[in-house]
Amino acid sequence: VTDERTDSELLLASNGEPSAFVELYRRHADDVLRYFARRTLDPEAAAELTAETFAEAFASRGSYRDTGANGVGWIYGIAKHQMSRFFRSGRIDREARAKIGIPVRELEPEDYERIEDLIDFEPIRQALIEALGGLPADQRDALRLRIVDGLSYGVVAERLQCADTAARQRVSRGLRRLALVLQERGLTMTEVEA
Amino acid sequence: MNTTIPYLERFHDDLEEAARRAATAPGGAGPRRRRPDPSSWLRWAGAAAAVLVLAWAIGSLPSDGASTKFNQVGSAVGTAGGASGDGTVRQPPADVPAMSPAPVAPEEPGAPDGAPPVDLAKIDRDGTLTLKIDEGSFRDTFDEVIAIAEANGGTLLSSETIGSGAGRLTLRIPAARFDRAFMEVGRLGQVRASTVTGKDVTADFIDLQARLKILKHRREIIFGLYDQATTIPQALQLEGELNEVQLEIDRIQGQLRYLDAQTSISTLKVELSEDEPDVAALSPAEDERADLGEAFSSATDGFLAVVSTMIVGFGYLIPIALLLGVVYAIVTLVRRHGRGAS
């Protein structure tokens, strides 16, 4: 049965009916994850930031006030705050998840590929190639094989003569560092996407 | 749910579980409002209190011009002998008042017996004595007090008689003989109350002497340059600087003379009475009831003293905090740089 309530109504209702918040999550989890993925270029960071954002929203849903705007804007406000903290400190908070008793989950191999599918790499390929020069060799090679050449992780691991997991980690870390490098150069992901 | 991303599905399940827990939690399904967390307030209050106490503690450390005060109250107000834990020197059971140790060095080798010991510290000391004397002995005791002052190299600064059996005297006694005079006067009657206050100005004195030495050295240099001046503008400029240095030298010498006078001569105020002196006013409990205005005044003084001590403490803490902040910023930058490089 489809819940016909608006996002604001769901948020307000979730104070007495917590399951209403789960409906809100179902509606917007993909979009929020895409929002993070395109800005961080890092599947790990994007997934964790998404989880932390919804956990924070769930924990503080009592402070939501209906101002006439769409309730999802309130969620994105939290997301923006989480992302700015991530770019500032390089760390992802886990406090909200701990507060509501949700464990921190590791990403499975399938998650990496699915989340990368959310990232449209084409417009930023050139910027990435230029920024790749500043990365450590192992991360640069992993990124080049995976992002520029578009090879699967299995092939990347084979070319780099390392385990599959190590290849994923190098790509993930390389992307994270790349995002920071691009940001330091004043090239935000929003601008790149445009 | 439309997502095909396993991570989001797993989080969905976790969130559903959290929602179920919230719905069945005691106290209702509502989330915690963003009220101030009492423990958080307590932590902040504790931290603020710790900083204030730290500032006070640092500000209370011995510093230049530290003032000490010793209150001695006679047996009439029920004090026990010996030193108390609060730093107050109590009156011994005997009539002779207890004395704070005089800041003196051991006598110099070869010094004649009875010669006054050499002062190591510059301490401005004053005292008061309230004595109950025998009936009909006021005039003789009055004269004896003056005689004691003169015998110790001091003088009578002022006196006042109240009726025929009571009066006050203000004596100026050389600091080196102050303790002796204090004890001798104390023996003339039954001590009902006594105080000795001391302000250590040794550091001020040493500081002024050091500055004076530097200024005199600078004056010598200017004199040398003055002799070598070849043009009138040069000579005029040096003369101006010389005047400034000389002015400062005069000022410091004046301060030194003042400090020297303050520390070389002590003031002793003696109150004599054939009737029982009104020492009840000196008892802390009675004093609070008898003079509410004075109590408020004391409270204000105490408050200001604590605040001023804290301000002094913050004077030390703020630069240290700034220094730590800079170190923290540098460490953070280095770590960030290191993390970026890896």
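## A buried tyrosine

Let's start with one residue: Tyr25(A) has a relative accessibility of 0%, so Tyr25(A) counts as buried. Keep in mind that this is a predicted model.

What does Tyr25(A) pair with? The partner ring belongs to Phe11(B). Their centres are 5.4 Å apart and their planes meet at 50°, so this pair is tilted. Tyr25(A) sits in helix 2 of chain A, while Phe11(B) sits in helix 1 (residues 6-24) of chain B, so the pair joins two chains. Phe11(B) is buried too, because its relative accessible area of 3% falls under the 20% cut-off.

## Aromatic pairs

A pair of aromatic rings is described by two things: the distance of the centres and the angle of the planes. Over all chains, a search of the whole structure finds 10 aromatic pairs.

One of them brings together Phe21(A) and Phe58(A) in an edge-to-face arrangement, with 5.3 Å from centre to centre and 65° between the planes. Phe21(A) belongs to helix 2 (residues 19-40) of chain A and Phe58(A) to helix 3 (residues 43-59) of chain A, so this pair ties together parts that lie 37 residues apart in sequence. Both of these phenylalanines are buried.

## A cluster of rings

Which residues do the ring pairs link into a cluster? The members are Phe21(A), Tyr25(A), Phe54(A), Phe58(A) and Phe11(B).

## Arginines over rings

Rings can also have an arginine over the face. In chain A, Arg146(A) lies over the face of Tyr153(A), 4.5 Å from the ring centre. In chain B, Arg139(B) lies over the face of Phe142(B), at 5.1 Å from the ring centre.

Key:
Residues numbered from 1 in each chain as written. Chains lettered and ligands numbered in written order. Predicted model: local features only at pLDDT ≥ 70, side-chain atom pairs only at ≥ 80, totals over all residues. Heavy atoms only, no water. Phe/Tyr/Trp six-rings, centres within 6.5 Å; stacked < 30°, edge-to-face > 60°. Helix = DSSP H or I, 4+ residues; strand = E, 2+ residues; numbered from the N terminus. Buried < 20%, exposed > 50% of the residue type's maximum accessible area, 1.4 Å probe, protein only. Lys NZ or Arg CZ within 6 Å of the ring centre and 35° of its normal.
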